[in-house]
Amino acid sequence: MPPPTPTPKPSGEAVGLVLEKMQDYIFRRRIRVKDVFEDYDPLRCGRCTTEQFLRAVSQLVPALSEPEAAELLAYFTEESLPLAQRPQVVNYLEFARALDEVFTTAGLENKPTMVVDKPGARLQTLGFRHGAVEDERRLNHILQRIALLANTRGLVLTTCWQDCERSNATSIVCPRFSSKVTIAQFKQHFPFTQHFSEADMKMLIKRYRTDDGTISFQELDKDVSEIDSGASVQCPDSSRARADKLSQLTASIKNSAQPTTEDLLDKLQRIVSERRLQLSGNFQDFDRFRRGVCSSSQLNAVFTILRIEISSQELDKLASLFGDGQGVFFYRDFIYAITQPQSPESPMPSGISSMTSSKRQHHTLQAEAKLQELEVQIAKHVRLMKLHMKSAFQDFDRMRSGRVSTSQFFRVMNMLQFKLTDEQADLLLQTYGDADMGQSPRFAYFDFCTSVQEAGLNGAGGMQQPEQPYSSRTGQRPKYFNPTTGGVMQLDRTKVLQRACAR
């Protein structure tokens, strides 16, 4: 009888996919693989027959197909080994060790310093394949919106579903610590449901659905992080994406160029003026004896505390301008150069920021005249109604940043009972609006209140003080009530003195 022809072993990649499928199943149910084979191996030699192996595999994972079981059988069969005796030719011990890797790593007693992953960590990335969708362009737009919302709100997506994968009660429906949840859990804990339609949610589920019907939120977070860091291609129809790309390119060109002294000082003056920063207090924290000096490293620490982004070249430029060349920085001279008052020839109000001044300088004569007339009207209304406009804005600005949102600006104007037309509102938002401070435009109410006050003082009777009793300060005559006529009349001091003398 001729010897049977040996069955060729399948590739390790194909067997790895089958093992991963079984690991997902047994990890979810916490099955001990070795205990299933012990009844077939009373001598504990680590081998069993082919029939016993197929029966045990079917008992472990009932949903495993026959071709997949045949691949496992061919891979773990060891007929050529001298210790292997027929019919016990299948090494089930190696098979159990391969499946138990999902729980722990073997041989840790010989590797005490080895970093071990959590149980089920291998299921997060092994064998995941993105589902095919019909409209890839629409999917990229959805992922961009998720990245924008997560970045704006400071949200980490993986934390939204971690309670589902770590709970003992949910381990039956989804593997623990595998970064997978069910479809119902994915919809329930998705943080931006109100911003996406049902069709968008179905496209996300189809994209990140695994073979066992769960959703891999780890892959979703990975794709969103790549889009947030700029690794993915931006949507070609998005004008905001083109503007962001152009601004990044301009910033890179500016950073690569050697900064000049005037540009550097103008940049720092603009930041300090816009954010109303107090420089002296932060420098004095490093100068206990108030000598007016600090080190270059302390200068960098002050910029970090104030959240002023400055490159190493600009920092070296400042050290060469206000330092002695030996690591000592004269911060008083630096503060004076940054916070020096504006020249009296400037036509703008002295209390507004440089950004608002530059915007008003680019206005046409007609637009500037309309703006000044509007500010005079607002100042007159505030004076007549005896309103505190700046305090009304500060109720919405607890951090005292000098800015509020556009909706808060319109709300304050309605509270002050001053109705603005669409043209006037657009003019004010164009002059005092600032869209570079964040994702939504902001209104610089501090500059607005200062300009209104200046316009009221310089306008035609806009902020003049009402008549007060006579004094050396006002020069006005006092008034008194005449009971005969029932009106208020000016008090004549000469008549009062004559009556007093006659008495």
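Okay, let's start with the strands. There's an open sheet here built from 3 strands, ordered S7-S9-S8, with antiparallel pairing. Strand S7, at 404-405, and strand S8, at 433-434, are the edge strands, so to speak: each of them pairs on one side only. If you look at S7 and strand S9, residues 442-443, they run antiparallel and are joined by 2 bridges. To find your place on screen, look for Ser405, which sits opposite Arg442 in S9.

Before going further, a word on what we're looking at: this is a predicted model. The average pLDDT for the protein is 76, and 73% of the residues score at least 70. Where is the confidence highest, and where is it lowest? Helix H3, residues 50-60, comes out highest, with 92, while helix H11, residues 239-256, is lowest, with a mean of 51.

Two stretches I'd flag. Over residues 231-239 the pLDDT stays under 50, and the model has 13 contacts for them beyond four places in sequence. Then there's 460-475, also with pLDDT below 50, and that stretch has 26 contacts in the model beyond near neighbours in sequence. Where pLDDT is low, the predicted coordinates should not be read in detail.

Right, on to helix packing. Two packed helices are described by the angle between their axes and the distance between the axes.

First up, helix H1, residues 12-29, with helix H4, residues 66-76. Their axes come within 10 Å and cross at roughly 115°, and the crossing is left-handed. On the H1 side you've got Gly12, Ala14, Val15, Val18, Leu19, Lys21 and Met22, and they meet Glu68, Glu71, Leu72 and Tyr75 in H4.

Next pair: helix H12, residues 261-275, and helix H16, residues 331-338. Here the axes come within 9 Å, crossing at roughly 75°. With that angle, H12 and H16 are therefore roughly perpendicular to each other. H12 brings Leu265, Leu268, Gln269 and Val272 to the contact, and H16 brings Phe334, Ala337 and Ile338. Sorted by type, the residues of this H12 and H16 contact are 6 nonpolar and 1 polar, with no charged.

Last pair: helix H14, residues 296-305, against helix H15, residues 312-322. These axes come within 11 Å, and the crossing angle is roughly 125°. So are they perpendicular or oblique? The answer is that H14 and H15 are oblique to each other. As for handedness, H14 passes H15 in a right-handed crossing. The residues in H14 are Ser296, Leu299, Asn300 and Phe303, and in H15 they meet Leu315, Leu318 and Ala319. That H14 and H15 contact divides into 5 nonpolar and 2 polar residues, with no charged.

That's my tour, thanks everyone.

Methods: Residues numbered from 1 in each chain as written. Predicted model: local features only at pLDDT ≥ 70, side-chain atom pairs only at ≥ 80, totals over all residues. Heavy atoms only, no water. pLDDT = per-residue confidence, 0-100. Helix = DSSP H or I, 4+ residues; strand = E, 2+ residues; numbered from the N terminus. Contact = heavy atoms within 4.5 Å. Axes fitted to C-alpha atoms, helices over the stretch in contact; angles between N-to-C directions. Parallel < 35°, antiparallel > 145°, perpendicular 65-115°, else oblique. Left-handed = near helix turned anticlockwise from the far one by under 90°. Nonpolar A, V, L, I, M, F, W, Y, C, P; charged D, E, K, R; others polar. Pairing = 2+ DSSP bridges.
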